[in-house]
Amino acid sequence: MNTQSLLLRISIVATVVALSSSCSDSDKIVDTPSASQPSAQKTFSHFGPYQALPTWSDWCPVNEAPDKCSSSLLKAVQNQNADSRKTVRAHGWQLWAGISSPLDNSGYDSKTNTSTMFGTKSCWAENTNKQPACSGLFPLWLSWPNTGLPYTPKAHKALGATNSDEAGSSIAGLIQINRNFSETNSADVSNFMLDAQATTQDPDPTKTQTVNTVGTIPTYKVPALAIVKQCGLSEDKVKPELVIAYDPKGSDTTKLAAWEKLNRLCTEQGKPDIICPNTSGICDGTAFVNQGDVMIATESLTTQAWNAIQNNKLYAGTSTLENLYAKDDENVAANEVASWFNNKFISTKHMFWPVKGCNPNAKQNEQGCRVRYGALPPWVPKNFKDKSYATNADYLGYEKWGEVVAIDTCGKECTAAPSATLKLAHVEGASAITTNSPSVYKVQDFMHLQVSEETLNNAFTATDRALLDQATIWAYGDDSKGFEPGDFLVVVAMHVNTKEIATWAFQSVWWSPMDDSSNDCPVDKYNHCFGQADVYQATAFKYSGLNEKMVTSLDEKVGTTWRANYLLTDSYGINYEIDGAQVVASNYFKGTPPKWATQRPDGDTIALLPVAMNPYIEPVIHPLGTNCQNCHRRAGIVNTPPNQGEYSAGVGRANYQNAQCPSLLADYKMPDNDPCMLKPWAWNQNKQWDKPANNDCQEKDGTLCKDKQAYPIVNTDLSWFVADGHVQQAK
């Protein structure tokens with residue numbers, strides 16, 4: 001694989017990652033200092049000065065031997081063999097453990113797995129000194145600049161820093177983007193995409209786009225209570241406007257007017273920037289961005305990535321990248337873009353899940369224990385044996401998984417409950433999920449954080465609290481009263497994108513009940529056993545790249561929770577499965593694979609990449625059978641018209657699938673041969689790209705044109721840093 005491959009955007013949403021952590025009660029942590037900090041660290045968040053990854057994390061730029069670290073990763077990609085994925089997986093696990101480190105000065109007690117940062121009111125744990133404490137820890141990435149509403153240290157006094165002058169202060173979550181995509185293009189289903197009624201389990205990707213999942217896509221409506229609580233308004237002022245805003249028969253004008261009125265009412269109460277009319281919902285906060293469903297997202301960056309974005313004005317509303325398109329010499333533009341980025345960049349996307357706390361001293365079903373168990377749908381691969389990873393394009397978000405596990409924050413001191421329920425209140429297109437006699441997991445089985453009253457009020461803005469409220473109400477209903485002091489955030493998923501090598505490194509982690517065994521999902525059943533527990537965990541030494549000594553060393557630093565119930569996948573562009581078998585089409589197809597899965601348009605055989613996705617993040621907008629890196633490195637612009645019956649979306653526009661490169665797992669190798677990568681410009685060092693792409697260019701969805709010649713989406717390289725377009729100008 002060409003290590004100078006262009007890093008290109010995915011169709012509409014850029015992939016990014018995030019993470020957090022916590023340790024179990026039994027964890028033993030050595031007081032190992034984090035990486036040495038610069039003498040004057042900048043402050044980007046409410047959680048204190050920036051804290052870098054520790055040196056032991058094995059992230060190449062801070063590792064004691066960074067050249068050795070990066071060279072081993074590069075060798076695994078350039079000289080691929082059956083052991084390549086072991087190398088990159090070991091690196092991914094070490095990086096994940098490093099990100100699980102607690103923030104300095106957070107009052108973290110390793111023996112009791114508790115913290116005292118900001119205060120402990122409404123928490124009921126005790127630290128080693130028998131003082132009140134909150135369960136869990138504040139992970140170091142909370143101190144990183146994030147893509148919700150970053151600000152400079154000068155604005156630190158204004159923790160509620162406003163973003164009213166930023167048109168892009170909030171964008172829709174992944175589900176909303178998917179729904180908008182489907183609704184926008186459903187009128188042209190013959191050429192572009194199946195609509196919800198026309199979907200089939202296995203559509204032909206040469207005939208219709210399968211990038212965005214289709215079918216019944218849930219609609220999450222902002223609960224009135226979230227606005228009432230944080231804006232200080234009465235229900236009789238909020239509910240009528242929400243009725244108008246969600247009226248299916250209403251016009252766009254009247255709906256926008258309703259959101260604008262809600263914004264005005266909140267602003268009059270001294271609470272600006274909670275409602276964003278331009279995105280029909282709650283804005284991004286300073287700690288969280290609006291994911292649009294129960295998951296609570298944070299998109300964080302290292303300071304190097306943040307500085308590159310700010311210094312070069314690579315955020316929404318600027319013409320930085322657009323101006324580069326106007327330059328006659330594409331190599332000049334390419335070199336300028338490449339100069340902005342180095343190997344010290346990390347871009348993350350982290351997903352919390354809200355859990356109502358149940359204080360053993362509180363009466364159940366009352367304040368302090370309104371909900372006995374948290375409820376989380378688990379990804380259990382054996383339940384998806386009927387889905388083809390190669391072709392299935394059905395919407396398969398967590399709402400479709402059919403069962404939940406119970407999360408216990410109280411323990412034996414509280415009466416057990418017979419069931420756990422994810423209510424999915426105010427959600428159209430999804431029903432409550434109740435599991436009787438559920439599997440019960442202690443909150444200590446998750447990396448987690450219990451939020452005290454002081455933390456909720458002082459570390460989070462009103463907008464952050466509104467995002468917490470809406471997610472909690474969607475999960476547990478209005479009777480939950482939203483997110484309250486003493487409630488918990490548990491880690492369910494995280495992407496981590498790093499740039500130790502030019503082609504980038506993708507790691508993605510998610511929580512698992514570890515329900516699947518090798519009997520349920522043999523390792524060579526790639527089509528439906530992706531992510532099986534006893535193969536993808538850190539202690540599966542045959543596949544993880546780690547050994548017992550390495551795991552013990554990491555446990556001594558961050559406890560065991562980082563690995564006990566978490567699984568990891570990797571995406572480095574390696575053509576081998578986790579067990580060392582080369583990826584072939586027969587891994588994912590029954591019978592004879594179709595030509596589009598095994599051949600390029602010119603008839604030459606194509607290689608495939610393994611499935612590499614996060615089940616909590618990707619299935620809400622992409623099919624199961626996707627590979628992170630494969631999607632990001634494509635421009636999706638073709639210079640030939642589609643054949644009869646093929647859809648034409650890729651002609652003249654930026655996308656990472658079209659009729660000429662239909663397989664989302666296909667590895668078309670060199671950019672000059674990739675039908676999804678004709679005429680890209682950033683990092684364009686390949687002289688074979690000197691021929692014009694004869695597109696009928698359409699300036700649509702971010703695609704820019706020079707006469708009839710199409711150029712890739714404006715984001716190009718930035719899709720690896722600018723998480724979902726949220727980044728704003730620093731205040």
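A residue counts as buried when its relative accessible area is under 20%. This briefing applies that cut-off to cysteines of a predicted model, in which the count comes to six disulfides. A disulfide is a covalent bond between the sulfur atoms of two cysteines.

**Disulfide Cys123–Cys134**
- Cys123 and Cys134 are joined by a disulfide with an S to S distance of 2.0 Å.
- Cys123 belongs to the loop between strand 1 (114-115) and strand 2 (125-126), and Cys134 to strand 3 (residues 132-135), so the link ties together parts that are eleven residues apart in sequence.
- The torsion about this S-S bond is about 85 degrees, and the disulfide is therefore right-handed.
- Both Cys123 and Cys134 are buried.

**Disulfide Cys60–Cys69**
- The sulfur atoms of Cys60 and Cys69 are 2.1 Å apart and form a disulfide.
- This link is left-handed, with -65 degrees about the S-S bond.
- Cys60 is buried because its relative accessible area, 0%, falls under 20%.
- Cys69 is likewise buried, at 6% relative accessibility.

**Disulfide Cys410–Cys414**
- Cys410 and Cys414 form a disulfide, with 1.6 Å between their sulfur atoms.
- A torsion of about 50 degrees about the S-S bond makes this disulfide right-handed.
- Cys410 and Cys414 are both buried.

**Second largest pocket**
- The second largest pocket is lined by 21 residues, of which Trp124, Thr409, Cys410, Glu413 and Gln444 are the closest to its centre.
- Its lining comprises six nonpolar, nine polar and six charged residues.

Key
Residues numbered from 1 in each chain as written. Predicted model: local features only at pLDDT ≥ 70, side-chain atom pairs only at ≥ 80, totals over all residues. Heavy atoms only, no water. 1 Å grid on protein atoms, 1.4 Å probe; cavity = no way out; pocket = protein on both sides within 12 Å on 5 of 7 lines; lining within 4 Å. Nonpolar A, V, L, I, M, F, W, Y, C, P; charged D, E, K, R; others polar. Disulfide = S-S within 2.5 Å. Buried < 20%, exposed > 50% of the residue type's maximum accessible area, 1.4 Å probe, protein only. Helix = DSSP H or I, 4+ residues; strand = E, 2+ residues; numbered from the N terminus.
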